[in-house]
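Open the structure and keep the sequence beside it. We will walk through its strands, then turn to its aromatic rings.

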Amino acid sequence: MKANKLIFLPFIALSLVSCGGGNEPVSTTTSETPSTTSSESKDIQEVIKTIAEVNRMDHGVPVELKARVIAINKTMAIIYDGTGSLNVYAGFNHTFKVGDKHLFEGNTVLYNGSHQLDKENMKVSSLIEDVPAYDYTPAEITSLDDYDGKVGKMVTIKGEICYASTSGDATYYNGEYLPGDTELALSITAYEDDYLSEFNNTDKNNKVALDVTGILVGIKYSSATFGGTSYANIILTEKAVDTSLEVKELAVSDSMAEFYTMDNVFANDNNLVVAAKFTNNAELNLLKSKYTYKIFDPKKVEINTNEKFPINGEYSLVVTYKGVNKETTLNVDVAGIKTVVKTPQQLHDLNNWGTGNTSNKTGIMDEFVSLKAVGSGTGKYSEPNNTWSIVQKTAAADKVDNGYLEIKINDDLQSSYNLYRIKITYSPNEGDTVGHFEGLDSDVLKVVNASSIQLTVKGETDEITNAVVRIRSILVQYKAL
């Protein structure tokens, strides 16, 4: 990602703050005072009457523009006069409607390289005479690399990976980088709430591939607040829809696949992860609402997935998305074995573990199984990586030679239940001193048959004392004695 130095255009920031659209803005204010004079405009006597002329000037240009509204969001309008397009910040509760024709009078101001009409002195009156129509035929693009930030480019982007995020009472709508894009992501707004309905139930961990169509209205350049990301801003002119891209292939996994029993109800207990690879090479873990599945018993008879597995044995799971099928195998054991699987994010939510909270940590997986991490710095949950770190190096106050993770049946239940098997998925982040749990490799099923197990963190060699294990999933099975 290239690092630009400018900040988000203030007029767009204002609109996105107010309407609850686009990526979360830096602020509703800017340290840069909008300039209303320029060396080029000082000697101008005549009033500028086309947007094309406006865009050739610096700023502070007196204008009389006969233009029509071609797009709006909750606080902004885009106008067009046949020669070009211009942003008009209109404020909350504006009455602009797409297709309306107006005479716009006032001065232009320049915000970080883009003209807009100065709202402080803008005068708007209805216009009866004709104004050239805007051509809403979109250009389908697969990259924003060549976008120069000029207002009014009509585009369709297929297979854009999108999600909604919240900050306070506001919701922001985001698109990630297009495949192969090296510069810009999307910040998305709309006037009609229905245009954004496909974003429902999405967030940064649960995304959706959409086709978005609208008018590009400028660039918000990278800053520390945006994590070094630059965004092209787009106002949708129609509803975002589930992508029309074809699917190359599906990948299906389920961390429960080996561990179902006749006590399980698949619809409630599955840990399905379905990923699609599209024809533009975009890849995405699908929302559960986007795919369907069927399960067939060992005799190839379809079962009701809202009821318990009828018999033990090997089942077939068939997942379907956009006409593409993927089959995988489920193993169903006899009744009486309980299985619980948790990711670090789920453990964080269940146990109210604050992000960045270090030091020794305890928690539960369910009402039967508890966890304890021991060792200085141990037990840190990383929200961005969805990992839980267990460190090797300890302090004297910890009174242990190595950091460790303990999994056990709760004390008051140990006379009735035992741990049966465990499986922990762990892998390092870039830059880690790689560690492992002594006696338990990642993703390997281990038989326990005891009330508890302690897993010690070790380095790759005896000389290493500062290794770390980053847990990504914990599976525990237990059963009655």
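Two strands count as paired if DSSP finds at least two bridges between them. Keep in mind that this is a predicted model.

Start with strand S18 and strand S19, which covers residues 313-321. Five bridges link the two, and the sense is antiparallel. Pick out Ile295 and look across: its bridge partner in S19 is Leu317. Now widen the view. S18 and S19 belong to an open sheet of four strands, in the order S15-S20-S19-S18, with mixed pairing. Which strands are the edge strands? They are S15 (260-261) and S18 (292-296), and each of them pairs on one side only.

Next, move to strand S8, residues 153-167. Follow its partners one by one. Strand S7 (residues 139-140) runs parallel to S8, and two bridges join them. Here Glu140 has Thr156 in S8 as its bridge partner. Strand S11 (residues 208-220) is antiparallel to S8, with eight bridges between them. Along this pairing, Glu160 stands opposite Leu210 in S11. Strand S9 (residues 170-175) is also antiparallel to S8, and six bridges join the two. Find Ala164 here; Tyr173 is its bridge partner in S9. S8 and S9 form a hairpin with two residues between the strands. At this hairpin, Gly168 takes a positive phi near 65 degrees.

Now for the rings. How many aromatic pairs does a search of the whole structure find? The search finds 14. Take Tyr134 and Tyr136 as one case. Their ring centres are 4.9 Å apart and their planes stand at 80 degrees, so this pair is edge-to-face. The reasoning rests on a cut-off: planes over 60 degrees apart count as edge-to-face. Are these two tyrosines buried or exposed? Tyr134 has 11% relative accessibility, so Tyr134 counts as buried. Tyr136 has 33%, so Tyr136 counts as partly exposed. Elsewhere, one aromatic cluster is formed by Tyr260, Phe266, Tyr293, Phe309 and Tyr315.

Finally, look for charges over rings. The charged end of Lys220 sits over the ring of Tyr231, 4.3 Å from the ring centre. Lys479 and Tyr420 give another example: the charged end of Lys479 sits over the ring of Tyr420, 4.3 Å from its centre.

Terms used:
Residues numbered from 1 in each chain as written. Predicted model: local features only at pLDDT ≥ 70, side-chain atom pairs only at ≥ 80, totals over all residues. Heavy atoms only, no water. Phe/Tyr/Trp six-rings, centres within 6.5 Å; stacked < 30°, edge-to-face > 60°. Buried < 20%, exposed > 50% of the residue type's maximum accessible area, 1.4 Å probe, protein only. Lys NZ or Arg CZ within 6 Å of the ring centre and 35° of its normal.
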